[in-house]
Structures are given as C-alpha cells and as structure tokens.
Amino acid sequence: MSSFTSLVIIDRKGDEHVVEAQVGLSVMEVIRNNGFDELLALCGGSCSCATCHVYVDQELSASLPQMSEDENDLLDGSDYRDHRSRLSCQIPFSEALDGMRVEIAPEG
C-alpha cells in the first residue's frame with residue numbers, strides 16, 4: 001500500500017513549491033509527476049544522463065542511499081556540481097524523507 005508525504009521543490013527561478021510525494025517513487029518521478037518540466041530526466045531514470053541533477057538539503061543527506069560510482073561519474077560532468085549534488089532518479093522517496101527540500105540544478 002502506497003502512502004503520501006511531502007517534498008519541497010525549489011525551481012530554477014528560486015520559487016519554493018510543496019508537493020505531495022508518493023513513497024516508493026524516485027525523487028525524479030515525484031518532481032516530474034508534479035509538472036516540473038525544467039527537470040529533463042532524458043534517460044527516464046536509468047542513471048545515464050545527469051539531466052535530473054538536484055541539490056539536496058544537507059539535513060537529510062544521511063538518510064539517502066550512498067552515491068554509486070555511476071552517479072558520481074555523471075555528476076563529475078556537470079559544471080554545477082557541489083557538495084549537495086545528487087541525481088534525483090537515484091533517490092527513492094521514503095517516509096524518512098518527508099519534507100525534504102531539493103533544488104533543481106542549473107542546466108549544463
């Protein structure tokens with residue numbers, strides 16, 4: 001049985017949106033399902049393009065799965081990578097992440 005919690009999304013204009021997030025989806029799916037087209041996610045979540053790059057609120061970073069070598073390599077190709085960078089397709093949304101804030105990274 002699926003349950004819902006919330007995710008806070010900061011778009012590229014800096015506007016903050018609180019959306020309903022279904023547990024079990026990836027953060028990328030939650031963002032796209034809520035109409036944020038600026039998150040391209042061209043590969044559809046297969047960890048092969050880095051177009052779902054987000055900055056994750058550091059308060060919850062310990063609750064996230066460890067970054068894989070593939071994810072790390074893809075993020076290395078971004079001009080906008082920093083210590084908060086993750087690929088949203090690689091973050092399964094769970095109740096532990098309720099209220100997490102993610103910022104959609106600039107394109108590039």
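View A. Strand E3 spans residues 53-56 and strand E5 spans residues 100-104; the two run antiparallel and are joined by three bridges. Strands are DSSP runs of type E with at least two residues, and helices are runs of type H or I with at least four, each numbered from the N terminus. Two strands are taken to pair if DSSP finds at least two bridges between them.

**View B. The five-stranded sheet.** The strands form an open sheet in the order E2-E1-E5-E3-E4, with mixed pairing. Strand E2 (16-22) and strand E4 (85-87) are the edge strands, each pairing on one side only. From one strand to the next, the twist averages 40 degrees. Such angles lie between N-to-C directions and run from 0 to 180 degrees, with axes being lines fitted to C-alpha atoms, for helices over the stretch in contact.

View C. Not counting residues up to four places away in sequence, Glu71 touches Cys47, Arg86, Leu87 and Gln90.

**View D. The hairpin of E1 and E2.** Strand E1 (residues 4-10) pairs with E2 in the antiparallel sense over seven bridges. Within this pairing, Val8 stands opposite Val18 in E2. Five residues separate the two strands of the hairpin, and Gly14 in the turn has a positive phi of about 95 degrees.

**View E. Gly99 in the loop between E4 and E5.** With a relative accessible area of 31%, Gly99 is partly exposed. Gly99 touches Ser6 and Val8, not counting residues up to four places away in sequence. The C-alpha atoms of Gly99 and Leu60 are separated by 9.4 Å, and the two residues are 39 residues apart along the chain.

**Basis of the views.** Residues are numbered from 1 along each chain as its sequence is written, and side-chain values use heavy atoms, leaving out hydrogens and water. For this predicted model, local features need pLDDT of at least 70 and side-chain atom pairs count only at pLDDT 80 or more, whereas totals for chains, interfaces and linings use all residues.

Conventions. Contact means heavy atoms within 4.5 Å. Buried means under 20% relative accessible area, exposed over 50%, partly exposed in between (1.4 Å probe, protein chains only).
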